[in-house]
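Subject: Structure for you to look at

Dear colleague,

Please find below the structure that I promised to hand over.

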Amino acid sequence: MPALLNRWRKKADPDTPPIAMREDALLSPALMASLQQMRIYAPRVQRGTFAGEHRSRRRGASPEFADFKSYSPGDDIRRVDWNLYARLDTLFVRVSEVTTDLTVHVVLDSSPSMGWRSSPGLVTKEHYGKQLAAVVSYITLWHFDRIRVSPFATANVRPLGPLTGRTRVNEMLDYLSRSGYGEATSVAEILFRFGHLVAQPGLLIILSDLLSDDPEPLAEQVRSLVSRGWDVLVVQVLDPAEQQPDLVFAGATSQEPVTLLDSESGAQVLMMPGDTSSDAYRAAFDPWQAEMRKALGRAGAHWLTLTTEMPLEPTALHLLHEIGILS
Amino acid sequence: MSGLSFLAPVGLIALIGVPLIVLLYMRTTTPGTRKVPATRFWMQAVTPPSDTRRFRPPPITPLFLIHLAVAVLLAVALARPASASFLSDFGSRTQPKHLILVVDGSTSMSAIVDTVRSPTLTRFQVARERIDAQLGDLQNGDIVTVLLLGTQIQTFQASDTVGIADLNETLQDIALPGGRADFNAALRLCQDLLLPGMDDEIVLITDGATAVDPAISARIAAPITMDLIANTGVTDNLAITEISARGAADDPGRQDLFLRVVNFSGTTATTTVAISADSREISTIDISLEPGGSRLITQRMPAGSQRAQGRLTNSTDAQPADDEASLTLAGDGASGLRVTYVSDAPSDLLRALQALPDAQVTVLTVGQYLATEADTRADLVVFEGSVPEQLALPRTPMLIVNPGADFAPVLSIMANPTPVRVVAQSPLLAGVDLAGVTFGQTPAYQMAAGDSEIVGGEDGPLLYQSTSSNGQPIVVMPFDVNLSNFPQRVSFPILIANAVSSLVARSMPASLAVGDPLVVTLRVATTSATLIDTNMRSHTFALDDLTPLGLTHQLTWTDTGQQGLYQLQEFDAAGAQLATSLISVNAGQVQESNLAPNPLLGQSLVSGVDSSQTSAIQERMDLWPIALLAVLGLLGLDWLISLRNQRRLSAAGATA
């Protein structure tokens, strides 16, 4: 009995979430500890005049329960949680969240192309995207901002959120871990629907390889969102082989033709591996990527290209910090 | 590769796999499929149809080379390569081998190989080393048969590696059999020992001091090779090859010894011959012999001597065993003829009996004879003047002279008979001249049924053969020796000797050469015998083990390969020892004492099979296991390369 009470007592530390965080493949406990020191920054997002103009750590009398904190003289006695007192023999006060008007929307590409990887030593683009989504979501929840995760290309999976508060972290991680692949679709179409579904602008983070899109149609949708007050960050998630096409033909000889199978459309192309084919690929891919970056930049979006060989910490987080999303 | 051949060349048909593999590699394979996120950026790299030819030059890849090598090696393995030299140490013999080792175990193999450098190493010890080398070359599946020659052929056989090892161990400890090696009999036995379906080979391990009938060798259906134990030193040898004794013509009580010494060398040899009587040296004679020469030495032995010995005192040749010889002299009562003479009035007959070689005559009166009952220890009982009643007749052959009127029904009395009926071819009359012989008054006995008249007078027999009531053979002389002039004739002792020989067929050699069989006619009363050899081992023989010979038995002993004294003890039915005889076996013998190898022996060993061809096949080693091992190694390498490629493909997202 004393051991059980001790466990409860440890959990009652206000600086520690009441429910122990389980280890997850998306985020390690060490990374979570690092993320707690970071904050999402969305410069364009207009802030409301809710009580508590700063985010995350403010507590108020909102009916929305946010957390527990130890009782201090002067706290509202009505907010004491007597059930907890009965269990732990210690006074705790319920703290309600102070809602802000910053909602972070994460749009995650779950099309089949995101499930590809060039080497067993790398994670898939989809997993890498989930990790990025988990990073953003964790920081958002930790600081009591609102998070909404929308995997597109999966019509039968409902979006997650909006979620607020540290207690929703496990739910967010669980959701991201279990989401699967869907059909191919374009980001531009998703943004078109998204813009009509969500009225309140916030920070929109698009996690996709963008392979199904062309620069101008996507830039048009982004421009529309930015004009309405959205802060848009486009993170292109790629596999190293998509920038170095030689890696696609590892093990093949230049004298044997290879059939390339499109993971989304199922289209096949027959080709001879070698420098010629690689050069032809680069001649098509590099201009497209450059044009995509320019167009989205002109549309007002932040751009970031990450490859799955980059570790989340410190590389990816540093880059997010570089572009001003994380502080 | 020198000496490489294919035992099954038809297997090379499998080389057709080589062009097939090249063709398969030339054919453009179905392109492998690799999944990519999107093909939109690969459209510019699409291969034109003209580039996807149906056939193309084969890619020189490690897998291609490995498959070619595997095809070649498999074809080679199927063709059963065999080589006499290259890699022969790593291959296995193409066919199991049956090795027949014929090992010379004769007395000459006890000679020293090199009297100067290795004064104790004998030829037989070298033979053991050769045996060890021959058996060490055998492999699993081979069979070995060893024929060890000596006084008799000993056969050993082993058919597996463990048995061969045990056999080798046995042969390394086996003693030299000695005697004379009958290679002709051994080769005939080899022909019967040949095994079908195996490579038979006959190897003779010998010092070459022997002879072989070429006709016998020619009938052998296997190659014969000779592993000659060459004498690294000299083969000079002086030997006493003959020793014998005879009663002195001028002195019946003494014996003359005869020794023959032979010089088996290429140079003149001098030596001293020492002669001993009963271990007492009585004479030394210096002799000089030219190469190949011999000398017969005669020595009068002292009266009463029982054993004579000759020895070359200063010989240092390669074979010391034949430098001495010994002999049992006649007069040794233990080995001589034992005669009991029963007569109240001995006549000239006694003297004739005493003149018999090896005869020991015991004289008894009738009363003494009757008092001691029938003498079961005598070889022959002679009654003169009277014959005891039937119940007192001895159970031995008898010579009955002048038995009297009670012996048999008397038809008449011949006043002075003369021989009118003579069975001239009878052995009793060999060398006997009856002309002018008078017999005096002689009763004409009525012979019984079964009796055989040898010499007959006018009315009755003068000499006849009969059988006693107890079944013993009898020679009867009805006449009175004292009334006859026969004893004054030379023929009388001859007749007596003939009569004794016909009644007592006893032979006991005084000496033998090594390897000669010991054949002894035992005493009539002997029911068991024990032979003690030179190693003091006793060999007992009951009547069932002996060969019946008339009224007695004959003992034959062939294991006389060891030089020395053999002792024969004879026992009667009651277990009482009747006699002990000593027989000398001497090493000296013309064939075995000549230590030089027979220069014609090699020519005599040409068999009916061309040894060069057969030995070439036998020496070839099957190399297909090596080829198969190489194939397995290449297939392992193939697997590793394929596995690596498969991992690369799966990592690149390729589908099957």
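The largest cavity has a volume of about 70 Å³; a cavity here is a set of points, on a 1 Å grid over the protein atoms alone, where a 1.4 Å probe fits but cannot get out, and the volume is the space filled by probe spheres set on the points, which are joined across faces, edges and corners. This is a predicted model, in which local features need pLDDT of at least 70 and side-chain atom pairs count only at pLDDT 80 or more, while totals for chains, interfaces and linings use all residues. Residues are numbered from 1 along each chain as its sequence is written, chains are lettered from A and ligands numbered from 1 in the order in which they are written, and side-chain values use heavy atoms, with hydrogens and water left out.

The lining of the largest cavity (residues with an atom within 4 Å of a point) draws on both chains, including A:Trp116, A:Tyr281, B:Phe41 and B:Trp42. By class, this lining has ten nonpolar, no polar and one charged residues, where Ala, Val, Leu, Ile, Met, Phe, Trp, Tyr, Cys and Pro count as nonpolar, Asp, Glu, Lys and Arg as charged, and the others, Gly among them, as polar.

Chain B comes to 13 helices and 37 strands, which are DSSP runs numbered from the N terminus (H or I, at least four residues, for helices; E, at least two, for strands). Of its 656 residues, 47% count as buried, that is, under 20% relative accessible area with a 1.4 Å probe and protein chains only.

One open sheet of chain B has five strands in the order 9-8-5-10-11, with mixed pairing; two strands pair if DSSP finds at least two bridges between them. Strand 9 and strand 11 of chain B stand at the edges, each with a single partner strand, so one side of each has no neighbour in the sheet. Strand 5 and strand 10 of chain B run parallel and are joined by seven bridges, and B:Leu99 stands opposite B:Glu201 in strand 10. Helix 3 of chain B packs on this sheet, touching strand 5, strand 8, strand 10 and strand 11, where contact means heavy atoms within 4.5 Å.

Another open sheet of chain B has eight strands in the order 20-19-21-22-28-27-26-24, and its pairing is mixed.

Best wishes

Notes:
1 Å grid on protein atoms, 1.4 Å probe; cavity = no way out; pocket = protein on both sides within 12 Å on 5 of 7 lines; lining within 4 Å. Buried < 20%, exposed > 50% of the residue type's maximum accessible area, 1.4 Å probe, protein only. Axes fitted to C-alpha atoms, helices over the stretch in contact; angles between N-to-C directions.
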